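Please look over the model shown here. A short report on its charged pairs and surface follows.

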Protein chains: 2
Amino acid sequence: MLFGALEAGGTKMVCAIGDENGTILDQISIPTLTPEETMPLIIDYLKGKGIAALGVACFGPVDLDRKSETYGYITSTPKLAWLHYDIVGTLQKALNVPIGFDTDVNGSALGEATWGSTKGVENSIYITIGTGVGVGVIIGGKPYHGMMHPEGGHIFLSRHPSDMEFESKCPYHANCMEGLAAGPAIEKRWGKKGIELVDRKEVWELEAFYIGQALCNYIVTLSPQRIVLGGGVMGQTQLFPLVREEVRKQLNNYIQTKEMENLDTYIVPAGCGGDQGIKGCIKLAMNELGI
Amino acid sequence: MLFGALEAGGTKMVCAIGDENGTILDQISIPTLTPEETMPLIIDYLKGKGIAALGVACFGPVDLDRKSETYGYITSTPKLAWLHYDIVGTLQKALNVPIGFDTDVNGSALGEATWGSTKGVENSIYITIGTGVGVGVIIGGKPYHGMMHPEGGHIFLSRHPSDMEFESKCPYHANCMEGLAAGPAIEKRWGKKGIELVDRKEVWELEAFYIGQALCNYIVTLSPQRIVLGGGVMGQTQLFPLVREEVRKQLNNYIQTKEMENLDTYIVPAGCGGDQGIKGCIKLAMNELGI
């Protein structure tokens with residue numbers, strides 16, 4: 001059985017065809033311009049390939065409430081060409097197959113939970129730290145939606161004493177994770193991109209302090225059985241041991257579980273080698289057929 | 001059909017008999033001394049009353065993992081007489097009925113979700129702010145457990161600029177909700193119990209700042225469709241409008257949903273008039289029979 005996948009990002013649209021094992025058989029990438037320019041190229045690619053369903057993981061915010069009149073829309077995005085755009089409806093009309101739809105980061109969380117580092121784990125989270133911070137939440141094996149999809153990147157944090165004066169990069173929040181610890185915050189604070197700061201120990205210690213603190217907050221609220229860290233900033237793999245140490249230090253033995261005794265297997269990198277997003281789309285398509 | 005209920009608290013054990021409508025038909029309260037002194041009184045009360053199942057909501061931490069060898073135990077409690085005590089096993093042996101078991105605050109969350117302010121709401125949270133802070137989480141209509149039960153009372157917060165020097169009352173964490181905003185923190189900070197500070201505006205403004213911030217963090221992680229606030233501190237009902245205003249101000253329009261447009265119906269007091277805990281036990285018993 002073949003499934004279509006669309007990982008809809010703010011700069012590129014990755015389209016793929018895959019099978020029920022999560023194997024990607026073919027893949028293309030299309031720049032994200034306007035819907036008028038970009039959508040026909042996506043539809044051309046997906047049409048006539050015999051897909052049984054399509055999965056779409058999309059930059060947001062998006063409306064995931066199936067009872068809503070604007071279900072399947074991109075809503076209040078700052079990418080104005082896509083504001084209030086009915087992406088699911090447009091694809092539905094053109095392709096006439098069942099469509100699974102979720103946020104980009106829930107898609108990646110689902111890819112990891114199906115074929116990656118959280119395979120077989122009922123309740124897990126996937127955090128991407130890059131130009132922004134996103135948190136995908138899997139509960140009972142499925143992407144979780146409550147009032148809406150979680151927006152854990154905007155969790156409020158306590159400042160490091162050495163970082164009291166830094167002005168948050170988030171236009172909404174003076175002390176949120178994204179504003180203090182995403183890629184643009186690193187660049188603003190230290191005057192260079194993370195990639196040019198590899199040897200500056202203090203950069204990664206402060207970064208680990210914030211990531212570790214956010215993880216503690218996800219642990220006491222969502223109580224995940226495993227945590228996957230991905231995204232550009234986590235490409236600095238020296239962060240992993242530092243983050244684990246911060247979680248250990250900051251939780252201070254308050255949470256006592258077997259998972260906490262082995263943080264090396266609790267806080268882990270993605271297992272899909274960068275394909276967690278597109279593979280998650282395949283699984284979104286499969287879920288739509290109950291597979 | 002009759003159900004037994006045991007709300008096991010650190011100072012008293014409330015035992016009750018109720019029916020499938022959540023009506024409490026009879027109730028007693030027993031002081032929490034040692035298991036040897038207290039458990040026989042509980043068993044005497046519940047025995048021979050024809051209950052079909054028993055629900056127990058217990059002070060913690062407790063082991064809720066049915067696959068664990070210590071399922072149904074109170075684990076690392078500071079109440080040493082109850083340390084590693086097999087409360088479910090003891091009741092099971094004496095009463096020989098199915099027993100539903102959860103944390104005290106998950107019990108209250110379930111009581112509210114079944115017969116209180118979150119009736120009919122799929123995903124909700126119940127927060128008790130008293131001598132400690134507890135967060136009960138309902139997902140898909142059931143108390144949520146991941147790695148373990150959530151411990152949201154220990155979420156880390158950003159300090160108010162006027163409160164940088166206060167020493168947290170939590171022995172584990174320098175900046176957690178419980179350490180900064182539970183009853184004992186109020187008393188330590190202002191030198192008097194909350195009940196003696198009713199007219200001090202600045203007390204409740206600071207308290208609302210922390211409660212509101214914690215709520216923002218629960219909103220971006222757990223995305224509840226409604227939030228119930230209970231516990232002794234929330235007896236100061238002047239807090240409700242202040243907390244709603246802090247949530248509005250601190251989230252700063254980042255989360256746009258219909259719930260956010262009407263915080264009066266989103267952040268609400270308990271609807272069971274103080275009986276949410278014991279009623280939750282009735283529902284825990286019913287759940288055990290699939291009712």
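The sections below cover confidence, salt bridges and a surface patch.

## Model and conventions

This is a predicted model: local features need pLDDT of at least 70, side-chain atom pairs count only at pLDDT 80 or more, and totals for chains, interfaces and linings use all residues. Residues are numbered from 1 along each chain as its sequence is written, chains are lettered from A and ligands numbered from 1 in the order in which they are written, and side-chain values use heavy atoms, with hydrogens and water left out.

Chain A has a mean pLDDT of 96, and 100% of its residues reach 70 or more. Here pLDDT is the predictor's confidence in each residue, from 0 to 100. The scores for the model are ipTM 0.96 and pTM 0.96.

Over all chains, the structure holds 20 salt bridges. The term stands for a side-chain nitrogen of Lys or Arg within 4 Å of a carboxyl oxygen of Asp or Glu. One of them joins A:Glu288 to A:Arg66, with the closest N and O atoms 3.1 Å apart. This pair links distant parts of the chain, 222 residues apart. A:Glu288 lies in helix H10 (residues 276–288) of chain A, and A:Arg66 in the loop between strand S4 (53–58) and strand S5 (73–74). Helices (H or I, at least four residues) and strands (E, at least two) are DSSP runs, numbered from the N terminus.

A:Glu288 is partly exposed at 26% relative accessibility. A:Arg66 is exposed at 55%. The cut-offs are under 20% relative accessible area for buried and over 50% for exposed, with partly exposed in between (1.4 Å probe, protein chains only).

In chain B, B:Glu288 and B:Arg66 form a salt bridge, closest N and O atoms 3.1 Å apart. The two residues are 222 residues apart, B:Glu288 being in helix H10 of chain B. B:Glu288 is partly exposed at 26%, and B:Arg66 is exposed at 56%.

## A bridge within one helix

B:Glu205 pairs with B:Lys201, the closest N and O atoms being 3.6 Å apart. Both sit in helix H6 (residues 201–222) of chain B; they are four residues apart, so about one helical turn separates them. B:Glu205 is partly exposed at 36%, while B:Lys201 is exposed at 60%.

## Nonpolar surface patch

A:Met1, A:Leu289 and A:Ile291 make up a nonpolar surface patch with about 270 Å² of accessible area together. Patch residues have over 30% relative accessible area and no salt bridge; like charges are joined within 9 Å, nonpolar side chains (Val, Leu, Ile, Met, Phe, Trp, Tyr) within 5 Å. Accessible areas come from the Shrake-Rupley method with a 1.4 Å probe; for residues, only the protein chains shown count as cover.

A:Leu289 is in the segment after H10 of chain A. A:Leu289 is partly exposed at 34%.
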